[in-house]
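Here is a short briefing on one protein model. Please look at the sequence and the structure before reading the points.

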Amino acid sequence: MSRVVAPWVRTRLRAAPGAAGALALLVALAACLAGAFPRAVDRYEDAGLRRAFAQAQPARTTVIVQAPAPDLGLPAGQRATAVRPAALERQYRQILPTVRSPLAVDRAQSVYGVAGGVNPEVPDAFLPRPTGLPARVSLFAPSGLADHARLRTGRMPRADRPVDASTPEVEAAVTAATAKSLHIKVGSVIHVPGAGRPPLAVRVTGILDPHDPDGAYWSTVPRMRTPVLVTIPSPGGDPPKYWLGTLLLPQEAAPALLGTTAGPFRYWFLAPDPHALHAHDLDRLKSSVAALESGPALQRARAVTDIDTDIGTGLDDTLGSFAELRSGIAPLVSVAAAGTGTVVAVVLFMTGGLAADRRRAELALLRARGASLPALAGRLLAETAVVAVPAGALGLATALLTVPVGRTAYAVAAAAAVTVTACAALPLRAALAHRAVRATADRADVVAVRPSRRRTVAELTLLVLAAGAVAALRRRGTTGDQLVALAPVLVGVIAALLLLRLYPLLLRRLTGPAARLRGATGHLSLARAGRAQTSAVLPLVALLTALTTAAFGGSVLAGVADARNRAALLTVGADARVDSDAPLPTAAPARVRAVDGVRDMAAVSIDYQAKPVDGQDSVPLVGADPSSYGALTARTGLGAFRPAALTPRSGRPLPAVASPSVASEYGTRRPFPVRLSDGSTVTVRIALVRDATPAVSGGNFLIVNRSGLPSPADRPTALLLTGDRLDAGALRHAAGGSTTVRLLAAERARYADSPLQSGAEHVYTAAMAAGAGFAVLALLLALLRAAPERAALLARLRTMGLTRAEGRRLLILESLPQALLAALGSTLTGWSTIRLLSPGIDLTTIALSSIQSPLSEAELKPDTWSLTVPAVLVVVVTVGVATAQAWWTGRRGSVQELRAGDGR
């Protein structure tokens, strides 16, 4: 017995192949989920970072290294040499190593060259002058022009002979957009003012189409590909404007810029490689950017270029915005991961505990015959490891193949933790149960066993940790340490331990009344429930923890959905909205009403420039039909009112519905005049106060009867539509003119357009589903563990005259106490957990991200379905398994169940 031998392992596996296969399947599934989780998180976080990078545009994300032109005190030849391609390329290769990992440079989109810092006016008459001002040009001599564009007409510019500051003429190319806006053709000559010399003639030899207009090569400075109509701010009606376009010179012609008034400078645009960006490197990325902007990387760049070289980028702002969004989402995902991980661990330990209980007599016999505790634990460890280790490796391999991107080390660590837990569960449980050698095993009934002092200390420790985690979460929110993420789990575990202490008391209280009932089924079922072994309480811990975290997670997801629905409804006001700056055509409402899917319509006029005479600020004035608009407010729940409240009376001011801020400023007792944008005036009196209204999403509004407004203020400018499967194109076509159509579904989708949000929701949902699945598995394992004993009991009672209906009722009533305890306890615990933790949890970040929303805050509230459905499912599964077992036992018959020498 001093060492583990192979025959023992083979014998045990052959004796119970079904149990070994079930353990392998459980470990493989748990290891697969554990290995996939960190890689799934990495995948959606990386996708979110790249989306933020793409939305920021290259103008903000490119690292711009910029050096002034060579010093004027240098000889002309030396100045020209310093801006030639060879010198710039050498410096470019020396600058690249200054970019520190993990920030990587996309060399295909990076560019270097010489450009003009000043955009001089050009006198050529063929260039357009919208308001009489001459056009301006920006001069660029970039590297790799031929590799990033294709010729539409003409040829690429070139410099056939050496160019310096006195060269009279050079060639250039322009993009097709620049050529179209500035009326440039192949052969056009543009004269750029010279610095102490005649103007530099720039002849256009080619018109180009960029290969990747949105790439960093063309979009770091967008005017390289797209001209700009610049407006000069000035008082008056029509401000002066001028065109600004870019002339693309060959790189060899860069020295010509030294002889112009363009103020040339040298540049190296380093485009970050988006495929090398990873969210887990966020802190290191920030450090790399900081080193470039004002750290050692800047000093090294100055050493190889110019003492006055400067490096700038908006990448740090992009990383900071992403970090803020991620910090609001990651803690919620950690809560889901902690809950699911706890349930999986409980199920694995429960599996080992059930196996140890099933083999209690065998292990007790081995101890009585001289087996040492280490030797016994070693054999059980070897027996379990033979099954669990290959299963864990298979689960890990499946996870790596299913989620091919992400960090492998974390996946391996998670799968290894699952495998080690599965291997250690049976040896640890057996070692604890057989510390002392006994000839017979003591009773371990739920009612008979008293909690030990060690258990009491452990429970008090968990209680202190739970109280600390809840207090920290309520005070600091979800930005604390990992203990905060465990708060819902700890609350669920504490509730489970509390119910386990109350469970024997409840059974004792029910046994007396059940004994006075007619028939023995009720009393016998409660007695059987009390005779359950203490290991049977492990499923209760798993169930309560899983159901509590499922209720918490379901409420989080429901709160996110409700916040998006509410924000979209506040923005649109109905299922669809048609807006126009001017009054809609007379026939437009009827045409829109006839579009397929439209069930109802409320036509309103909105004057955003209406101004109360006594006030300083404008207040949007909504003119509505009381009947249709009142029905809309009732359907949407946005400031509902009865139509009679807006019915005007002859000779009296128009009754109005106002927002609280407007009512507070102008009062509800005295009427006041309101000047409309067309100069007319109406007198209103606030009759009702409402917090919101469908027509206006802001916090200030007045609503009056549209029939009381003067013409043309009474003509509709917006249509609020109610219906299903509305088509924006059809609505826009029916409304005609320059109308804007917004759909509620499209507005709601805008709030979840970030992969960081949608990925977190998917992972959260998957984690909750996995936790619920493992909890149901724990329940099934517990029921199947007791199946042989229950079958034998039914067979014995059937020989005494128990009917099949009574047997079925007996099994159901025996299983119900723990199931009902878990269901009711989880519902109450879930509700209490949400109410307890909601002050510290803000769903705004995951629900609404960075998009401007009329909803300022999204709160966590208990969701009825999330609280009740899992609890009811537990009861249904319990009753279903008990019914199926009673039916199957009845089919087999008593003779097959009762055998001589059977110890069940």
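**Charges over rings**

Arginine 407 lies over the face of tyrosine 410, 4.2 Å from the ring centre. A charge sits over a ring if NZ of Lys or CZ of Arg is within 6 Å of the ring centre and within 35 degrees of the ring normal. This is a predicted model, in which local features need pLDDT of at least 70 and side-chain atom pairs count only at pLDDT 80 or more, while totals for chains, interfaces and linings use all residues. Residues are numbered from 1 along each chain as its sequence is written, and side-chain values use heavy atoms, with hydrogens and water left out.

- The charged end of arginine 136 sits over the ring of tyrosine 242, at 5.2 Å from its centre.

**Aromatic rings**

- Rings of Phe, Tyr and Trp (its six-membered ring) pair if their centres lie within 6.5 Å; planes under 30 degrees apart count as stacked, over 60 as edge-to-face and the rest as tilted.
- The count by this rule is seven aromatic pairs.
- Tyrosine 217 and tryptophan 218 form an edge-to-face pair, with 5.3 Å centre to centre and 70° between the planes.
- One aromatic cluster consists of Phe140, Phe265, Tyr267 and Phe269.

**Burial**

- Of the 904 residues in the protein chain, 50% are buried (under 20% relative accessible area, with exposed over 50% and partly exposed in between; 1.4 Å probe, protein chains only).
- Tyrosine 217 and tryptophan 218 are both buried.

**Aspartate 46**

- Aspartate 46 touches Leu277, His278 and Ala279, not counting residues up to four places away in sequence (contact means heavy atoms within 4.5 Å).
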